[in-house]
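User: I'm new to this one. Can you walk me through it?
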Amino acid sequence: MVLSKTASESDVSIHSTFASRYVRASLPRFKMPENSVPKEAAYQIINDELMLDGNPRLNLASFVTTWMEPECDKLIMDAINKNYVDMDEYPVTTELQNRCVNMIAHLFNAPLQDSEAAVGVGTVGSSEAIMLAGLAFKRKWQNKRKAEGKPYDKPNIVTGANVQVCWEKFARYFEVELKEVKLREGYYVMDPAKAVEMVDENTICVAAILGSTLNGEFEDVKLLNDLLIEKNKETGWDTPIHVDAASGGFIAPFLYPELEWDFRLPLVKSINVSGHKYGLVYAGIGWVIWRSKEDLPEELIFHINYLGADQPTFTLNFSKGSSQVIAQYYQLIRLGYEGYRNVMENCHENAMVLKEGLEKTGRFNIVSKDHGVPLVAFSLKNNKRHDEFEISEMLRRFGWIVPAYTMPADAQHITVLRVVIREDFSRTLAERLVLDIKKVLHELDTLPAKVNAKLAMAGEENGNNGTVKKSAIETQREITAYWMKYVSERKTNKNKIC
C-alpha cells in the first residue's frame with residue numbers, strides 16, 4: 001500500500017476530451033462527484049490517465065510476472081468474482097490450492113510420506129508468507145522459553161543487510177529485533193559464518209535468501225545449516241532456518257537440482273516462494289510451506305464456521321480473490337517440470353546475452369553472478385562524470401525502466417543498475433537494450449559532468465595543486481547552492497516561456 005497524497009491544491013479536477021460527448025463539466029479529483037456519469041465516460045477518463053503508466057513488459061525493475069497465456073487470462077477473468085476465503089462455497093478452488101501446496105512442498109523436498117498432506121498456505125505475495133512464517137517461529141520460541149521459565153520478551157532474527165523490506169516490516173510490526181549482517185564491497189549477500197556468530201538464545205530463526213533482490217545471488221544455505229548445527233550442539237539451542245526463496249524457489253529446482261538449500265537440510269523449517277515471480281503468475285500470489293505440522297503452532301490457526309462449515313485459516317488477510325490460486329495451478333500442470341526448466345534455462349541464456357553485451361562495451365563491472373536468479377546487475381567502472389542514476393533516467397526515453405540503487409551498509413558507496421530477465425524478455429529485447437545503453441553512454445559522453453561530479457573533480461584538482469581540500473560539509477553546501485541556483489533558473493526560464 002502506498003500512502004495517498006494530493007498532487008497540488010490547484011489540480012483538483014479531471015478533464016477528458018473524449019468523454020466530452022457524455023460529460024461537459026470537470027469531475028472532482030479528490031472527492032466523489034455528486035452525480036453519476038455514463039459508463040463510457042468513466043472508462044475513457046480512467047483509460048486516458050492509465051496510458052501514462054509505464055509498459056509492464058519493459059519494466060525491468062520488477063521480478064513480477066507481466067505475461068501469461070490467453071487461456072490462463074480467461075481462467076482468471078472467469079474466477080474474478082470468487083472470494084477465496086469462502087471455502088465451503090468454492091470447494092474446488094480450495095482443492096486446487098491444496099494441490100499447489102503439495103506440489104510445491106514436493107518440489108522443495110519436504111519429508112512427506114506417500115499419503116501425508118503438506119503443511120502450507122497460499123498468501124498475498126511473499127510479504128504475507130514471511131509474516132506468517134515469522135509469527136510461527138516467534139510463537140514456538142516463546143512457548144519453549146515459557147516452558148523453561150525463561151524471559152521471552154526479546155526475540156530477534158538474524159539476516160543479511162540485503163533482505164527485502166518485508167523482513168523489516170515483520171520485525172517492526174511484530175516487535176522482533178532484526179540483527180543484520182553487514183555487506184562489503186564484492187560480497188553482497190549474508191556471510192553464514194558472521195550470521196551464526198550473531199545468533200544468541202533469543203534468536204527465533206536465521207533467514208537466508210535464495211536470490212537476493214540486489215544481485216540475484218543465492219546465499220549458501222548448506223553452509224549456514226552446517227555451522228548452525230555445530231553451534232546448536234555447543235549451546236544446547238535449537239535455532240532453526242527459514243529460507244526466503246521468493247525469487248529463487250521456482251528457479252533452483254529446475255536449474256540447480258543438486259543444490260541443497262531446501263528441506264533436505266534438517267534446520268530448514270519453512271520456505272516462502274512468490275508464485276507471482278518465477279512461479280509465472282500475475283501479482284499477487286505467494287506460498288509458505290512448513291517442514292511438518294510441528295513447525296506451525298496450532299494456536300495460530302483459527303477455525304471459523306460462519307461461512308457454512310468449519311474452516312481452519314492461518315492468514316493475515318481474510319477476503320481475497322481466487323484467480324491467482326487458479327492461475328498457479330494452471331501453470332504447474334500446463335508447464336510441468338519440463339516446461340518450467342525450459343523457461344528458466346531460456347531466461348538464464350538471455351541474461352548471459354545481456355551480460356556479454358554489456359561487458360563488450362568495456363564500461364561496466366558486472367555485480368551479479370551467473371549462478372542464481374537470471375538478472376544482470378552492473379555498475380559503471382568510472383562514474384566520476386556521470387553516474388548510474390543518469391543512465392537509468394535516460395533509458396526511460398526509450399521506454400526501458402531500469403532501476404539504479406545503492407547497496408545497503410557497509411557497501412552503500414556502490415551504485416548498481418539491475419535488469420531482471422523474465423519469461424517475456426526475449427533475446428531480441430536483450431540485444432536492443434544493449435544498443436540503447438550504448439546510445440545513452442554516447443550521449444552522456446557529449447554532455448558536461450553533473451554538478452556534484454564537477455565539484456568533486458574540482459576538489460581533487462585543488463588537492464593536487466597543494467591547496468587545502470574542502471571539507472565534506474563545505475562541499476555539500478556548494479552542491480546544495482549549485483542545485484538551488486539551477487532549479488531557480490529553470491523555474492524562471494519556464495515562467496518566461498509560459
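This is a predicted model: local features need pLDDT of at least 70, side-chain atom pairs count only at pLDDT 80 or more; totals for chains, interfaces and linings use all residues.

User: Rings first. How many aromatic pairs are there?
Analyst: The count comes to nine aromatic pairs. Rings of Phe, Tyr and Trp (its six-membered ring) pair if their centres lie within 6.5 Å; planes under 30 degrees apart count as stacked, over 60 as edge-to-face and the rest as tilted. One of the pairs is Phe 108 with Trp 261. Their centres are 5.1 Å apart and their planes are at 70°, so this pair is edge-to-face.

User: Where do Phe 108 and Trp 261 lie?
Analyst: Both are in loops. Phe 108 is in the loop between α3 (91-107) and β3 (119-123). Trp 261 is in the loop between α8 (252-255) and β8 (268-274). The pair therefore ties together parts that are 153 residues apart in sequence. Helices (H or I, at least four residues) and strands (E, at least two) are DSSP runs, numbered from the N terminus.

User: Are Phe 108 and Trp 261 buried or exposed?
Analyst: Phe 108 and Trp 261 are both buried. Buried means under 20% relative accessible area, exposed over 50%, partly exposed in between (1.4 Å probe, protein chains only).

User: What about Trp 290 and Phe 314?
Analyst: Trp 290 and Phe 314 form a tilted pair, with 5.8 Å from centre to centre and 35° between the planes. Trp 290 sits in strand β9 (residues 286-290), and Phe 314 in the loop between β11 (311-313) and α9 (323-361). They are 24 residues apart, and the pair links distant parts of the chain. Trp 290 and Phe 314 are both buried.

User: Which rings form a cluster?
Analyst: Ring pairs join Phe 250, Phe 254, Tyr 337 and Tyr 340 into a cluster.

User: And which charges sit over rings?
Analyst: Lys 146 lies over the face of Tyr 152, 4.8 Å from the ring centre. The charged end of Arg 184 is over the ring of Tyr 187, at 4.5 Å from its centre. The rule asks for NZ of Lys or CZ of Arg within 6 Å of the ring centre and within 35 degrees of the ring normal.

User: New topic. What is the order of the four strands in the open sheet?
Analyst: The order is β12-β13-β15-β14, with antiparallel pairing. Two strands pair if DSSP finds at least two bridges between them. β12 (364-366) and β14 (404-406) are the edge strands, each pairing on one side only.

User: How is β13 held in there?
Analyst: β13 (residues 375-380) pairs with β12 over three bridges. Phe 364 stands opposite Leu 380, and Asn 365 opposite Ser 379. Four bridges join β13 to β15, where Val 376 stands opposite Val 419.

User: Why is β13 called largely enclosed?
Analyst: Because six of the six residues of β13 are buried. Leu 375, Ala 377 and Ser 379 are on one side, and Val 376, Phe 378 and Leu 380 on the other.

Key
Residues are numbered from 1 along each chain as its sequence is written. Side-chain values use heavy atoms; hydrogens and water are left out.
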